[in-house]
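Here are a few friendly notes to read alongside the model.

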Amino acid sequence: MTTCFLKYIIDPAKVADFEHYAKLWIDLVNEMGGLHHGYLLPHEGANNVGYASFSFPSLADYEIYRNEIQNTPKCLEALRYANDTKCIISYERSFLKPVFEGFTDKAKLFY
């Protein structure tokens, strides 16, 4: 399993736009074979940082997902929304290997 961890720098005046964008991607990642772990929005502390993470069974499966985005109208629409609202200033993407104390039913699907 590989987990993509994202750190977003967002426009603090557009957190609601970023939240809408986030909700779009949770469903899209899950529909495209991943397991979205959710987004974290600013609450206390920095008002311009958000996080997200989602997993795929392998890095190869993630790459398939990345290629499919370019041909999926709902994904292109979500990307266009972020571009039009300019809610995201920048982002960093890291790939991590998760360690679980125990397995959940959903996590078992990837093994």
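1. Let us start with Phe95, which counts as partly exposed because its relative accessibility is 37% (buried is under 20%, exposed over 50%, partly exposed in between, with a 1.4 Å probe and protein chains only). Please keep in mind that this is a predicted model, where local features need pLDDT of at least 70, side-chain atom pairs count only at pLDDT 80 or more, and totals for chains, interfaces and linings use all residues. Residues are numbered from 1 along each chain as its sequence is written, and side-chain values use heavy atoms, leaving out hydrogens and water.

2. Tyr62, by contrast, is buried, because its relative accessibility is 4%.

3. How many aromatic pairs are there? The count is 14, taking rings of Phe, Tyr and Trp (its six-membered ring) with centres within 6.5 Å; planes under 30 degrees apart are stacked, over 60 edge-to-face and the rest tilted. The rings of Phe56 and Tyr62 lie with centres 6.1 Å apart and planes at 70 degrees, so they are edge-to-face. Tyr62 and Phe95 also form an edge-to-face pair, because their planes are at 70 degrees, with centres 4.9 Å apart.

4. Ring pairs also join Tyr8, Phe18, Tyr21, Trp25, Tyr39 and Tyr91 into a cluster. Tyr39 touches residues including Tyr8, Trp25 and Tyr51, leaving aside those up to four places away in sequence (contact means heavy atoms within 4.5 Å).

5. The largest nonpolar core has 23 residues, and Tyr39 and Phe54 are among those with the most contacts inside it. Such a core is a set of buried Ala, Val, Leu, Ile, Met, Phe, Trp, Tyr and Cys residues joined through side-chain atoms within 4.5 Å.
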